[in-house]
Structures are given as C-alpha cells and as structure tokens.
Amino acid sequence: MALQTPVRAGTATPSFYRAYAQQTAQRGGPNVTDDYERWYTDATPSNRMVLSLRCGIHTEIGWALDRLHRLCTNDQFTLKAIPGLTEALFEWPEWYVTEGHLESETCSFFTPSTVAEKKRRHAVESLFILRNSVVNEPNIHELANHPRTQPLLFRALTNLDVDAETNSEFLLNTIELLQAISQGVVLPPPSVDGKDPLSGLLHIVEHSCNRSLIIATLTLLGQLFSNSSNLPRLHAESPALSASMRYLPLFVDKPLVEASLNYLYAHLSHPPMVKAFFHHCMMPGALRVLVSLLLSEQVEETVSRDISIPARTIPAVTTVTPDHDLTQEELDRLLPMPEPQRCYEWAVLTREIRMRTMFLAKPEGEMTQVDFWNLYKDAFTPHVERFPVLVASDVIKNVNVVFPQAQAMVLPGPPQRFVVRGVDRRKEAQDSPRFRCHWDKSQCSVPAFGSAGELYDHLLQHIDALEVTELTCLWSTCSVPLSKARLRSHVLTHMPSAQLPAKHASQDETVTLSSTDGETYPIVNPTRREPPPLRNAAITFRQPVADPPSTSLTALLIIRILFRTSFVATDLAPRADGERFGFPGVVVEDEGDNITNEEYAYEAEGERRGRRAFVGVRRMMEDVRIKDETLMGWILEMIHAAYDGLPQS
C-alpha cells in the first residue's frame with residue numbers, strides 16, 4: 001500500500017507528485033497531517049493536546065505547547081472550549097512556584113540539568129499561553145473566576161526570587177496576566193511568615209534593572225490601587241512613588257513614562273496621598289518635569305495674521321507738472337478750421353504729433369463743464385470776429401465724440417456739480433525742480449539747472465549784481481544778515497546735495513498718509529498730523545495644531561490634582577477650645593471629622609509648599625498651548641492663580 005505524501009499549506013506540489021496528489025485527494029478519511037489543527041482542537045476530553053500536557057513525556061508536552069502557541073493568539077481561541085485545558089496549563093506553573101524554582105535558583109553559577117531546564121521551559125510556556133489567551137474577552141472571565149489563578153500568581157510573587165535572572169520571564173508573564181484580571185483582584189494581607197505579593201512588586205520597581213519588568217509592575221500597581229479595596233495597602237512613602245518620579249524625566253522612553261504617569265495618577269487620586277505628597281522632597285521637581293513633558297509633546301505651527309488697514313500712499317518726491325496750454329503754433333493751425341472740426345482738433349490736436357493733445361482719456365479723471373468751456377472760450381473768443389466759435393452746449397457734446405468713454409453728468413448736491421468724467425488735462429513735461437533757483441524770495445524765473453555747480457554759478461551772478469556790502473540773504477524765506485563776502489559761503493547751506501541721500505533697504509519711495517479725507521502732502525502743519533496706519537501690521541504667534549497625546553493628558557490631570565489641592569482655603573478656623581469671633585469660651589461642636597491643630601497645620605504647610613511649587617513653574621506654564629479650549633482654560637486658571645503670589649505669612 002502506497003504511503004500518502006503530506007503537503008504543507010502554502011507550498012507548491014512538485015510536478016512529479018501532482019498526479020498522485022490528485023488521486024489521493026479523492027480518498028475519504030480524516031486529515032491527520034501535523035499542521036492540520038482541527039483534529040487536535042476538538043472539544044472532547046480525549047483531546048490530544050490535553051493528554052499530551054499530562055502524559056509526562058517532555059517531547060509530547062513540548063509538541064502540545066508549541067501547538068497552543070499558535071492557537072492562543074487567535075481571537076477565536078477560548079480555554080473553556082477544550083475541557084481540561086485550563087487545569088492542564090496550571091500544573092507546570094504551579095509546580096515551578098512551589099518547588100521547581102528552587103533548583104533553578106540554586107544553579108545560578110552552574111548549568112542546570114537538562115530535565116530541570118525542560119520543566120522550567122514547560123512552566124514558562126504554559127504561563128505564556130495563559131497570558132496570551134487573555135487578549136480574548138471570554139478567556140479573561142474564565143481566568144478571573146478560576147479558583148487557581150490568583151493563588152498561582154500570588155505565590156509566584158512571594159516565592160520566587162525577583163532578582164534572579166532565570167525568573168524574569170516567568171515573573172513578567174505573571175505580572176501581565178495579573179494586569180488582565182486586576183479589576184477584581186484584592187491584595188491579600190501579609191502572611192504570618194512575612195510573605196506579601198505587594199512587597200515583591202515594590203521590590204521590583206525599586207531595585208530591578210529589567211525595563212520590561214519595571215513597566216509591567218508600575219502598570220499593575222496603578223491598576224491595583226485604582227480599586228478602592230486596595231487603598232489600605234497604599235502608603236505615602238511607597239517605593240513605587242519614588243520610582244515613578246525617578247523614571248519620569250526619560251521622555252524618550254514613552255512606555256516607561258506612560259507607566260510612571262499612570263501609577264502617579266493612581267497614587268495621587270486619593271486625597272490623603274496627595275496631601276502627604278506635598279511634603280515629599282521630590283515634589284517641586286516632579287511638578288517641573290510634568291510641565292516640561294507638556295512642553296516637549298506639544299505640536300505647534302507659526303501663524304502670521306495681517307491686521308493692517310488699507311493705507312493711502314503718495315510718492316515721497318513729487319514733481320509739479322503744469323497743465324498744457326496751446327502754443328502759438330498750435331493756435332495758428334486751429335484758427336482757420338471750421339467748426340466743429342476745430343473743436344475736435346482742439347480737444348485732440350493731431351495724432352501724428354506726439355504728446356500734442358489738450359486733453360487725454362483718463363478713467364478716474366474729472367473736469368467741470370465750466371472749466372472745459374472756459375478753456376475753449378479763452379483760446380478762441382479773442383478771434384471771434386474772424387473765426388466764429390461754438391456755444392457751450394455744443395462744446396460739451398463734442399466731448400463724447402472725441403472721447404467715447406467720457407460722460408457729461410450732473411452730480412447731486414447741494415450744490416449740484418456739472419462735470420465731465422473720463423478725461424483730464426494733459427500735463428507738460430518738466431525738468432526736476434531740485435536745482436531750481438529760489439533767489440529773490442523764490443521770484444527768480446530762470447529754469448531749473450542740471451547740476452548743483454550750475455546753480456551755484458548762477459547764485460554768484462546774483463550776489464555780484466548786488467551793490468551794497470551789508471545785506472540779507474534773499475534765498476526763499478531766509479533773512480540772515482551777512483556781508484557780501486560771507487554771503488558767497490552762506491548760500492552753500494541752501495544748495496541741494498549733488499547726490500540724493502542713501503536710503504535704508506526697508507524704505508520705499510512712498511509716504512503713508514492717514515485716512516483723513518483731503519489730507520495733502522506736503523502737510524501744512526506736520527506736527528499736528530494724524531498718525532498714519534502701519535503699512536505692514538502683522539502679528540506672528542504659535543498655535544497648537546493637534547490635541548495632546550495620552551501621556552500629556554495624564555500629566556495634565558496630575559497637575560490639576562496638585563493645583564486643586566494646593567489652592568484651597570487654608571485659613572485656620574477657631575478651635576472649640578479657643579476664641580470664637582472675640583468671645584472666649586463659646587464652644588461650637590464640629591459636625592464633621594475632628595481634626596487637631598497639628599494635623600491642620602501639617603496640611604496647611606503642605607498646601608503652602610504646593611503653591612510655592614506652582615509659583616516656581618508659572619513661567620514654564622505660560623508657554624503651554626493646548627488646542628482644546630477647556631484644557632487650555634485649566635492652564636490659564638493655574639497661571640493666574642500662581643501670579644496671585646504666595647499668601648502672606
């Protein structure tokens with residue numbers, strides 16, 4: 001009889017086996033290949049894995065544990081689905097915490113026997129399977145209610161040497177399994193011989209160098225003390241409190257920081273613990289580290305907002321250009337023309353002659369109809385005897401013929417204004433008045449010069465023409481009395497510089513004016529001008545772009561607890577044996593818990609220490625920014641309270 005060739009899932013069958021494989025696939029009967037898991041997960045008491053775990057043969061036990069490693073991470077895997085599986089998995093860990101650990105701990109300097117090492121591995125792997133199975137909710141309830149779970153875990157924490165390297169993996173699985181069922185776990189009191197599972201946990205966080213064990217233990221302690229039934233076992237000087245504050249500054253190790261924060265929050269959530277915490281020597285430093293954690297984890301962006309208003313600017317240097325008037329040549333050319341052709345040509349003389357237009361199209365330009373008519377009348381009325389002129393209405397109508405975009409209109413008043421919008425006077429090209437002569441009180445009619453040297457030579461001619469020896473300076477508004485000899489050097493003070501003064505790179509060529517209508521430049525009285533708006537008024541600030549992570553939220557809750565406990569009314573009320581409002585001997589019974597003056601003074605001193613700590617970090621808290629408005633309101637409240645200062649003593 002030919003043997004069947006097993007084919008592993010996910011592998012291709014060689015070509016010379018394909019015909020045989022297809023032939024055998026048609027046969028009936030169970031599939032008993034090693035990777036086919038259904039036949040050894042059947043819910044029967046004779047399940048092969050359960051029998052293998054209890055057979056005592058190490059190879060069979062190893063095979064069963066290897067199969068369970070594959071199954072326990074499946075979310076469909078439940079312990080109670082296979083009868084007897086949970087009890088079988090408890091056997092090896094219970095053996096180890098009872099007697100098996102003794103052999104491993106005594107062989108710390110020598111290699112343990114092969115059999116002892118196999119048994120230890122069976123115990124570690126069995127507990128590892130139980131630990132992995134709690135990812136499925138039904139398995140949590142199964143183990144939490146099983147009578148062997150808590151005794152096993154507590155014996156592991158009390159019997160095992162937590163400092164032994166060989167027990168690290170077993171203890172880690174123990175602690176993580178205890179985390180899963182911690183909701184209903186109540187810590188037992190210390191036994192007669194002094195064994196206490198809580199002592200083992202505190203010893204780990206205080207002395208262990210194993211990072212994984214420290215994280216798991218701090219997380220477990222935070223969960224255990226969140227249960228009010230375990231509060232009697234919580235102490236103000238717990239080693240876990242010092243350890244959590246010691247590991248808190250390691251911001252780069254997020255899991256360790258998160259475990260420290262969770263324990264610190266659970267510890268300080270109870271009023272007696274937070275009151276005692278104010279007397280801890282590490283309290284101010286812990287508060288500073290918590291605020292530093294908020295600053296290190298906030299994500300911000302730089303935002304710039306423009307708050308400037310529209311400003312009116314004009315050129316800093318203006319050149320006055322007079323309106324163009326008809327030259328004699330242009331007038332002689334226009335006079336013989338018949339109307340209305342002469343009016344058209346007067347408005348736009350000729351398009352062949354460059355820059356020879358009386359008016360030009362300008363969308364924002366505006367002229368009154370009276371000015372338009374007066375210009376026409378002044379030009380041609382003196383010659384009306386030889387060349388007749390148009391009436392005013394015809395002249396205004398001709399504007400639309402020459403400039404189709406222009407429009408004669410009446411603007412409502414009062415008073416009404418008759419204007420022509422869309423045209424403006426053409427300006428004459430003119431040299432810069434920078435080197436213009438202002439002698440004789442600015443009455444000199446000589447055109448502007450091209451340089452400062454030419455202007456100075458011209459001024460010397462004015463001075464030489466003077467006949468008196470004692471005179472005053474005649475430059476513009478200057479009236480300094482000088483001799484003729486000194487006047488030659490004095491006029492140099494009025495001379496403009498040959499080169500314009502250098503400007504800073506940030507300066508431009510315009511001047512900003514206020515929004516007041518009608519303000520002109522140069523300003524008549526510059527000392528009374530309204531301050532102009534800023535050209536570039538932008539504010540730059542930083543704002544958060546995302547909500548803080550969970551570690552920052554936990555840190556903020558801890559800071560909030562410390563703040564609420566510190567900033568409360570601490571004025572010592574009169575005692576029953578003291579004076580009451582100035583009347584000695586008046587005794588009022590206190591309905592609440594009786595508290596002595598010593599206890600009250602102790603709490604008041606702690607609150608003063610807490611307020612001092614908040615005053616010390618108020619500058620740091622000013623840089624904290626949180627996107628959520630409610631949480632940011634907490635920060636602002638704490639900052640304002642810290643700025644009120646310490647109470648007077």
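## Terms and model

Contact, the sense in which elements pack against or lie across one another here, means heavy atoms within 4.5 Å, and helices (H or I, at least four residues) and strands (E, at least two) are DSSP runs numbered from the N terminus. This is a predicted model, in which local features need pLDDT of at least 70, side-chain atom pairs count only at pLDDT 80 or more, and totals for chains, interfaces and linings use all residues.

Three strands form an open sheet in the order β3-β5-β4, with antiparallel pairing, where two strands pair if DSSP finds at least two bridges between them. The edge strands, each pairing on one side only, are β3 (359-368) and β4 (407-411).

β4 pairs with β5 (residues 417-425) over five bridges in the antiparallel sense, and methionine 409 has valine 419 of β5 as its bridge partner.

## Helix α20

Which residues of α20 are buried? They are Ala452, Leu455, His458, Leu459 and Ile463, where buried means under 20% relative accessible area, exposed over 50% and partly exposed in between (1.4 Å probe, protein chains only). Seen down the axis of α20, these buried residues fall within an arc of 145°, so they line one face of the helix; the arc is that of the directions from the helix axis to the C-beta atoms.

The buried residues of α20 pack against α19 (439-442) and α21 (484-490), whereas the face turned away from the buried side carries the exposed residues Gln461 and Ala465.

Key
Residues are numbered from 1 along each chain as its sequence is written. Side-chain values use heavy atoms; hydrogens and water are left out.
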